[in-house]
Amino acid sequence: MSSLFLVLLRENPWPGIAVASLNLIVGVSLVGVSLVLGVTISVLAWVHTLADRGTAPVRHAANRRGFA
């Protein structure tokens, strides 16, 4: 039975082409999802650092003005 299957595969390349294109689509979509997740995590970390950063106290701003 397996020899009959191999003969069919040699004569008809379309199933192999379909599987290869499916693998390509899955690979490209996985790369796209990983890139989107990486950018999302980076943006969330950046926003988190901006939210945690405190404003400069008034006396530091006054000291900087005095040296200028």
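1. Val43 sits in helix α2, which covers residues 14-52. The model is a predicted one, and α2 is the element where confidence is highest in the chain, at a mean pLDDT of 93.

2. Is Val43 buried, exposed or partly exposed? Val43 is partly exposed, because its relative accessibility is 43%, which falls between the 20% limit for buried and the 50% limit for exposed.

3. Val43 also belongs to a nonpolar surface patch, together with Val39, Trp46, Val47 and Leu50. The accessible area of these residues taken together is about 470 Å².

4. On the level of the whole chain, how many helices and strands are there? The chain has three helices and zero strands. Read from the N terminus, the order of elements is α-α-α.

5. The share of buried residues is 0% across the 68 residues of the chain. The accessible surface of the chain amounts to about 6300 Å². Carbon and sulfur atoms account for 74% of that surface.

6. A remark on confidence. Across the chain the mean pLDDT is 79, with 63% of residues at 70 or more. Which helix has the lowest confidence? That is α3, residues 58-67, with a mean of 57.

Methods: Residues numbered from 1 in each chain as written. Predicted model: local features only at pLDDT ≥ 70, side-chain atom pairs only at ≥ 80, totals over all residues. Heavy atoms only, no water. Helix = DSSP H or I, 4+ residues; strand = E, 2+ residues; numbered from the N terminus. Buried < 20%, exposed > 50% of the residue type's maximum accessible area, 1.4 Å probe, protein only. Areas by Shrake-Rupley, 256 points an atom, 1.4 Å probe, with all protein chains shown as cover. Patch = residues over 30% accessible without salt bridge, like charges linked within 9 Å, V, L, I, M, F, W, Y side chains within 5 Å. Salt bridge = Lys/Arg side-chain N within 4 Å of Asp/Glu carboxyl O. pLDDT = per-residue confidence, 0-100.
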